[in-house]
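Hi,

Here is the structure I promised to pass on. Have a look first, and my notes follow below.

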Amino acid sequence: MSLPPLVEPADELTVDEVRRYSRHLIIPDVGMAGQKRLKNAKVLCVGAGGLGSPALMYLAAAGVGTLGVVDFDVVDESNLQRQIIHGQSDVGRLKAESAAASVREINPLVNVVIHNVALTTDNVLDIFAAYDLIVDGTDNFATRYMVNDAAVLLGKPYIWGSIYRFDGQASVFWAEYGPCYRCLYPEPPPPGMVPSCAEGGVLGVLCASIGSVQVNEAIKVLTGIGEPLVGRLMIYDALEMKYRDVKVRKDPECPLCGKNPTITELIDYEAFCGTISDEAQQAATGSTITAQELKDMQDRGDDIFLVDVREQNEYEIVNIPGAVLIPKGEFLRGTALELLPQDKKIILHCKSGARSAEALAVVKNAGFSDAVHVGGGVLSWIKTVDPSLPTY
Ligand code: ZN
C-alpha cells in the first residue's frame, strides 16, 4: 500500500541545500520534490535516548526542516554505550540540549526545538500539535500508550520502535490508514512481567538498527514514497540476523481507533499500565527501608539476611557487601523460600526497588512477616551510601 505524501513541498531549496542534499536529489523517487517536502517537514522525536539518538542524527542529516526533541533526563555515563548523539563531555548535561547541539553540528540548516519537559497528559497534545509526524523512542509502556493515544486523537502518524537485548520491532501507526498501537497491544503487560532495557540490557548497535528503520519510514511517509510499514510489524533478530514482517490488522473493536471508540480523550497512563503490581505495592507499604537504614543495621551488627534478587550479570557489575544473590524468578517459582533463614530479619533489594517489592510479596505470604525491602535498590545504595561504586 503506497500512501500520499504527508507534507507539501517547500517553495525552493537554496544553493547550499542543493549542494548538501545532492545524493538525495539524484535519486528519482526523492528528487527535488521529495527534498522540498523534507525541508517543510516538522518531526518530533520523543526521547533522545537509544532510539532517539540515531533517529535524530539521520533525520537532521536528511534535511528535515524542523526537528523537535522531547526529553527531561540528563546524560549519564551508562547511556554512552548506545546513545551516540551524546558524548563524554555531555555527561551531566540535559539530553535535549546535548542532542540539539549535535543536530546543529550535523546540519545547521535544521531548526531544532527543545522540549526539556516530561511528556504528560497536560502537555502532550499541545506539543504534538505543532508537528507533522512523531518518532517514538520511549522505553516505557505508560508513555508509549500516551504517545499512541495522543497521535490518534490528533490524527497524526507515528513511528514506533522497541528494543531489548538482541530483539527489535518497528511499525508505523496511522489510524487513518491502518492500525494503532492499541490494535496490536490492547493491554499493557502486567507490571513487572516485561523487563526494561535498564533491567535486561540492550546491545548498543541494536538502537541504530531500529532507529534507522524508523527514520527510513519517516522519510517515506513524509515524501510519499515506497511501501510504509503501515499495517505491518517489522521484527528483527540481531543474533540470527533476520528481519521479517507480520501483518497487523486494524481492530474494528479498538477502543481508540475502532468503529465505536470509547477512549475519546487521554487517560491516566500510570494507572493503566501500573508500575508495580497491587500485591507488590501492598507488601512494600510500611515494609520499605532506605539504603542508609540498611547501612546502619549492618554497622550495628543487626541479625539480618540480605538478599539481592537481581540477576547474576547485574550482581557482577555491582553489589551491596554481604548480599546473597537469589534472583527474583526463584521467589516466583517458590524455590527461594527454603534458602531463607527463619531466625534472621530478611531484607531484599534489587536495582531500583520494583523487583524486590514483588519478591517481598512472596516472602511475606510465606510467613516472613517482618521482611522488608530497600526502596530504590542498589542505585539508592550507590547514591547515598557508597558513590564510589559503578552504576548501570
Ligand atoms: Zn487501534
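Does cysteine 254 count as buried or exposed, and at what relative accessibility? Cysteine 254 counts as buried, because its relative accessibility is 1% (buried means under 20% relative accessible area, exposed over 50%, partly exposed in between, with a 1.4 Å probe and protein chains only). Cysteine 257 is buried too, at 12%.

Before the rest: this is a predicted model, where local features need pLDDT of at least 70, side-chain atom pairs count only at pLDDT 80 or more, and totals for chains, interfaces and linings use all residues. Residues are numbered from 1 along each chain as its sequence is written, and side-chain values use heavy atoms, leaving out hydrogens and water.

Now the zinc ion. Cys180, Cys183, Cys254 and Cys257 coordinate the zinc ion through their SG atoms at 2.3 Å (donors are N, O and S atoms within 2.8 Å of the metal, or 3.2 Å for Na, K and Ca). Along the chain, the donors are spaced C-x2-C-x70-C-x2-C. The arrangement is tetrahedral because the angles at the zinc ion run from 93 to 121° (for four donors, all angles must lie between 85 and 135 degrees).

Then there's the sheet: eight strands, open, with mixed pairing, in the order β3-β2-β1-β4-β5-β6-β7-β8 (strands are DSSP runs of E, at least two residues, and two strands pair if DSSP finds at least two bridges between them). β3 (111-115) and β8 (242-247) are at the edges with a single partner strand each, so one side of each has no neighbour in the sheet. β7 (residues 232-237) and β8 run antiparallel, joined by six bridges. Methionine 234 has aspartate 245 in β8 as its bridge partner.

Cheers

Notes. Helix = DSSP H or I, 4+ residues; strand = E, 2+ residues; numbered from the N terminus. Tetrahedral: all angles 85-135°; square planar, octahedral: opposite > 155°, others 65-115°.
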